[in-house]
Amino acid sequence: MSQLNTDIPKAFQIENTLEQEHYLVNGELIHWKGTTADVFSPIRTANANGDIEPTRLGSTPDLGEKEALLALDAACNAYDKGQGEWPTMKVADRIACMETFVEKMKTKREEVVKLIMWEICKTHADAQKEFDRTVEYIYDTIEDYKQMDRDSAKFEKQSGIHAHIRRGPLGVVLCLGPYNYPLNETFCLLIPALIMGNTTIFKPAKFGVLLIAPLIEAFQESFPKGVVNILFGRGRAVASPIMKTGKVNVLALIGHSSSANALQALHPKQNRLRMVYGLEAKNPAIVLPDADLDLTIEECLAGTLSFNGQRCTALKVLYVHEAIVDEFNTRFSKKVDALKFGNPWEEGAKLTPLPEPNKPAYIQELIDDAKEKGASILNSKGGETTDNYIFPAILYPVTKDMRVYEEEQFGPVIPVIPFSDIDQPLDDMAASNYGQQVSLFGKDIKTLAPLIDTLVNLVCRVNLNSSCQRGPDVYPFTGRKDSAVATLSVHDALRSFSIRTFLASKDNDYNNTILEELLDSRASNFVSTDYIL
Ligand code: G3H
């Protein structure tokens, strides 16, 4: 989509580029004098000469091994073998730092939202939602951590041994987020990792990187030095040397299993590495013959095409019972063709430009391959291509030999598979590399009950008559096989980024007197039965 700058509403115009010249290491905003990486929006606008081209938004430092290892040193020093200010700090004080941060973050809403729109082309409403959801996640995390602290503010006694059990930090966490939720998903790793007392190094995703810039000072001002280190650059140049040192205790990554596997393999002692991963998926919808088609079509539309299908939770293959598949296909095709493509600020735009420059060509490859092997495009606009977009194509009938059956498309193309025997989708799911979620559409409980009982063992969330999604964030977000390692949710993430650790003491007068003195004096931040209301 091409655009003259004057067509863009004032509030969304890019008046100045953002040249991010600093990165955050050891509490200092270090000025970078080396090479930089230009950041472009997929949205084309007229440049100074009137040529229409991808809009240049700014640049970020292209850091390398030296800077990466300095950030690692800073994180290790801040952890200081468990003696650092941050890992030993009182819970209430760590929470106070987090509260300071979130207040400062909130003042940057408009700037960040605008960058989400330009960098990855989320609609204005979705970009606002991403920001607000992240703020809410931080508040919910603080509340959950308080509850965790209340629950552990006590002593237990078993077999003559008193125990004071809490959850403690793991050490240094390397956080890497994805481009589709560059703020939310990265912070859903970073925030729980921080609040549990770990120290962190964080590198923004390949796209959606400038939007972190307005928040760097808030990090610098809210946390002790070295607790949050922010790097820019390519994963291979920055994350790989850090992993090779063996000094990372937790690799927290939302992205593809190939990146996760490559990085974890660099750790010289893999048994020491805790992995917290949200990975790829190929969530299916199963549409039974008695499904309410109005509802099913609406949910499949949102499930397959929200943010152009660039969600790990997107519906990536639709199994539709052959008794209703023709009606489903006709009605679904009309709805897909009626979706409006436009720039993120345009009223009613549901489909927006794709941030990955090679994505339209990749989707076209999937379409060509499916067509060669016997599928057709059902909707009339399917496959229409512009500079930065390819209109969603509904492919039917899709078979297992097609690439679109196997590969996670992460973009606008929708494979539909007809079935007559319910064992077909079940067997396919069992054989699949993925196991995140499924959407099940139907009504008859005699059919649904045994299906639910099986599906919960193949994936980790069965969505009854609704599309798949991560939220609400208090619910567990995980997956089987190549779809995840560990569980994220407001509560589970606090567990994923910590370990149970405790003080044990035999029940005798000598020890009991010491315990009482420890408690009365409030000299220890760990041994404490105080709690925050
Ligand atoms: O990319 C995967 C996201 O976790 C999806 O989250 O279901 O809220 O869009 P969502």
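Q: What does V248 touch, leaving out residues up to four places away in sequence?
A: In this predicted model, V248 touches L72, V172, L174, I242, M243, H267 and L273.

Q: Where does V248 lie?
A: V248 is in the loop between helix 8 and strand 11 (250–254).

Q: Buried or exposed?
A: V248 is buried, with a relative accessible area of 1%.

Q: How far is V248 from I161, C-alpha to C-alpha?
A: The C-alpha atoms of V248 and I161 are separated by 34 Å, and the two residues are 87 apart along the chain.

Q: L72 was in that contact list. Where is the place of L72?
A: L72 is in helix 1. At 1% relative accessibility, L72 counts as buried.

Q: And what does L72 touch, leaving out residues up to four places away in sequence?
A: L72 touches V172, I201, I242, T245, K247 and V248.

Q: How far apart are the C-alpha atoms of L72 and S420?
A: They are separated by 55 Å, for residues that are 348 apart along the chain.

Q: Staying with helix 1, which of its residues are buried?
A: The buried residues of helix 1 are E67, A68, A71, L72, A74, A75, A78 and Y79. They cover an arc of only 155 degrees around the axis, which puts them on the same side of helix 1.

Q: What is exposed on the other side of helix 1?
A: K66 and N77 are exposed there.

Q: What do the buried residues of helix 1 pack against?
A: They pack against strand 2 (22–25), strand 8 (172–176), strand 9 (199–203) and strand 10 (228–230), and also against helix 2 (85–88) and helix 8 (235–244).

Q: What span should helix 1 have, at 1.5 Å a residue?
A: Helix 1 has 15 residues (residues 65–79), so it should span 21 Å. Its end C-alpha atoms are 21 Å apart, which agrees.

Q: What follows helix 1?
A: D80 follows helix 1, and its phi is positive, near 45 degrees.

Q: Which residue other than glycine has a positive phi near 65 degrees?
A: C121 does. C121 is in the loop between helix 4 (109–120) and helix 5 (124–152), and at 0% relative accessibility it counts as buried.

Q: What about F410, what is its phi?
A: F410 has a positive phi of about 45 degrees although it is not a glycine. It lies in the loop between helix 13 and strand 19 (413–419). F410 counts as buried at 16% relative accessibility, because the cut-off for buried is under 20%.

Q: Now cis peptides. Which residues does the one with omega of about -15 degrees join?
A: That cis peptide bond joins Y396 and P397. P397 is in the loop between strand 18 (393–396) and helix 13 (403–406).

Q: And which residues are joined by the one with omega of about -10 degrees?
A: G471 and P472 are joined by that cis peptide bond. P472 is in the loop between strand 22 (461–464) and strand 23 (480–481).

Q: Back to helices. How do helix 3 and helix 6 pack, at what angle?
A: Helix 3 (residues 91–106) and helix 6 (residues 184–195) pack at an angle of about 150 degrees, with their axes 10 Å apart. The two helices are therefore roughly antiparallel to each other, since angles over 145 degrees count that way.

Q: Which residues meet there?
A: From helix 3, R94, I95, M98, F101 and M105 meet F187, I191, L194 and I195 in helix 6.

Q: Which residues are buried in helix 15?
A: L448, L451 and L455 are buried in helix 15 (residues 445–455). They cover an arc of only 75 degrees around the axis, which puts them on the same side of helix 15. In general, an α-helix has 3.6 residues a turn, so residues three or four places apart point the same way.

Q: What is exposed on the face turned away from the buried side of helix 15?
A: That face carries the exposed residues I445, K446 and D453.

Q: And what covers the buried residues of helix 15?
A: The cover includes strand 13 (283–287), helix 14 (423–431), strand 21 (437–441) and strand 22.

Q: Last one, H164: buried or exposed?
A: H164 is buried, with a relative accessible area of 0%, and its place is in strand 7 (residues 161–168). A polar atom of the H164 side chain lies 3.0 Å from the backbone oxygen of F526.

Terms used:
Residues numbered from 1 in each chain as written. Predicted model: local features only at pLDDT ≥ 70, side-chain atom pairs only at ≥ 80, totals over all residues. Heavy atoms only, no water. Helix = DSSP H or I, 4+ residues; strand = E, 2+ residues; numbered from the N terminus. Expected span 1.5 Å × (residues − 1). Buried < 20%, exposed > 50% of the residue type's maximum accessible area, 1.4 Å probe, protein only. Arc of directions from axis to C-beta. Contact = heavy atoms within 4.5 Å. Polar contact = N/O pair within 3.5 Å; in protein donor to acceptor, adjacent residues only side chain to side chain. Axes fitted to C-alpha atoms, helices over the stretch in contact; angles between N-to-C directions. Parallel < 35°, antiparallel > 145°, perpendicular 65-115°, else oblique.
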